[in-house]
Amino acid sequence: MTELEKFIENIPLAGGCSIVAWHPCGLVAINKRAGRMTHPNQNDALKGRVSMLRANYNFKGEYYSWDVIPPDEDESVVSFEPEKKNRLYLVNRLDSPTSGIVVASSNAEVAALAKEEFRQRRVEKVYYAICIGRPFQKSGVFSDRLKKMSGRGFVRSAVSGSGMTAKTEYCVEENDANNAGLSLIKLVPKTGYTHQLRVQCAQRRFPILGDASYGNFQANKMFKRLTNIDRLFLHCKSTSLQIELNGKKIEFTAEAPVPSSFDALIKYNSSIAKNFGARI
């Protein structure tokens, strides 16, 4: 086993998170569970929430660090001693409610190269979402001017005539089998603005199911009651990027299957069907 393999094996992942891909250069892909934060939040009100790694986080260096690997059942945060070298540098982030691929690196130089690919919008990310409603066209492109707003500890985006242009390709993959008016939609963002996918879907009156900021709150509550599933139905299924290191091109692709909870809403579900008239 190489040193990198040992390092990856001992990354202190939180429950529900897993390593799905890695490359000898140090790139690592984590499948983050919905509800886990990509990294701790500096807001005191959120300190009790669990991040995708049970380790200390350095906000300035944007890396996790740890010195002792806890047992699988240990829920405590790992302490950090400066002389230890176990560091995992974040490359990108996902909102806490969103599940799927987060890219990181054991190597600071590689992390910087990968971050630049994200900044230059040369990374392909594919998301899947369950939306409340059905688009008029099966596929197309969303294009909106979005403006980010901050206040009272939160960040949101809104469609604005003076904002930055956000573009997303979409394709309706499947309508639900329960006549409940739900759609499984593939979303490929061409830009990367705050809450871009959530805002663009809501703007077109088919908000993402479970969205507590921009969604249909009454429908969210109803489907939660019918299925006992409480999450934002947005998942980053795959991420692909390319970096050049020491004169060599490195391609890195990671995939995380769409969670089974999506099937519980899209496939036949007797609890949903009896409320909407669907039959096997």
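Two residues are taken to be in contact when heavy atoms of theirs lie within 4.5 Å. In the predicted model described here, residues 24 or more positions apart account for 59% of the contacts in the chain that have a separation of 6 or more. The secondary structure comes to six helices and 13 strands, and of the 280 residues of the chain, 46% count as buried. The chain exposes about 14700 Å², of which carbon and sulfur atoms supply 46%.

Helix 2 was examined for its length and for its packing. This helix covers residues 108-119, and at 1.5 Å a residue its twelve residues should span 16 Å, which agrees with the 16 Å that separate its end C-alpha atoms. At its start, a side-chain oxygen of Asn107 reaches to within 2.8 Å of the backbone nitrogen of Glu109, while just after the helix Arg121 takes a positive phi of about 60 degrees. The buried residues of helix 2 are Val110, Ala111, Ala114, Lys115, Glu117 and Phe118. These residues cover an arc of only 155 degrees around the axis, which puts them on the same side of helix 2. An α-helix has 3.6 residues a turn, so residues three or four places apart point the same way. The elements against which the buried residues of helix 2 pack are strand 2 (27-32), strand 5 (86-90), strand 6 (99-105), strand 7 and strand 12 (234-245).

With a relative accessibility of 12%, Glu117 counts as buried, since the cut-off for a buried residue is under 20% relative accessible area. The side chain of Glu117 makes a polar contact with the side chain of Arg122, at 2.9 Å. When neighbours within four places in sequence are left aside, Glu117 is in contact with Arg122, Val123, Gln242 and Ile243.

Helix 4, which comprises residues 217-227, has Ala219, Asn220, Phe223, Leu226 and Thr227 as buried residues. Seen down the axis of helix 4, the buried residues fall within an arc of 135 degrees, so they line one face of the helix. The face turned away from this buried side carries the exposed residues Gln218, Lys221 and Arg225. Helix 4 is followed by Asn228, whose phi is positive, near 60 degrees. As for helix 6, Ser271 is found there and counts as partly exposed, at 27% relative accessibility. Ser271 and Thr227 are 44 residues apart in sequence, yet their C-alpha atoms are 7.0 Å apart in space.

Two residues of the loop between strand 2 and strand 3 were then considered. Thr38 is found in this loop, with strand 3 covering residues 56-58, and is buried, its relative accessible area being 4%. The side chain of Thr38 reaches the backbone oxygen of Leu94 at 2.7 Å. Not counting residues up to four places away in sequence, Thr38 touches Lys32, Met52, Tyr64, Leu90, Asn92, Arg93, Leu94 and Val102. Between Thr38 and Val102 there are 64 positions in sequence, whereas the distance from C-alpha to C-alpha is 7.7 Å.

Arg36 also has its place in the loop between strand 2 and strand 3, and at 11% relative accessibility Arg36 counts as buried. A polar atom of the side chain of Arg36 lies 2.9 Å from the backbone oxygen of Gly15. Leaving aside neighbours within four places in sequence, the residues in contact with Arg36 are Ala14, Gly15, Cys17, Val50, Ser51, Met52, Arg54 and Ser96. Among these contacts of Arg36 is Cys17, which is buried, with a relative accessible area of 10%.

The cysteines were lastly examined for disulfides. A disulfide is a covalent bond between the sulfur atoms of two cysteines. With a cut-off of 2.5 Å between cysteine sulfur atoms, the count comes to zero disulfides. For Cys131, the closest cysteine sulfur is that of Cys201, and the distance of 4.0 Å is too far for a bond. Cys131 is buried, with a relative accessible area of 0%.

How values were computed:
Residues are numbered from 1 along each chain as its sequence is written. This is a predicted model: local features need pLDDT of at least 70, side-chain atom pairs count only at pLDDT 80 or more; totals for chains, interfaces and linings use all residues. Side-chain values use heavy atoms; hydrogens and water are left out. Buried means under 20% relative accessible area, exposed over 50%, partly exposed in between (1.4 Å probe, protein chains only). Helices (H or I, at least four residues) and strands (E, at least two) are DSSP runs, numbered from the N terminus. The arc is that of the directions from the helix axis to the C-beta atoms. The expected span of a helix is 1.5 Å times one less than its number of residues. A polar contact is a pair of N or O atoms within 3.5 Å; within protein, one must be able to donate a hydrogen and the other to accept it, and residues adjacent in sequence count only if both atoms are side-chain atoms. Accessible areas come from the Shrake-Rupley method with a 1.4 Å probe; for residues, only the protein chains shown count as cover.
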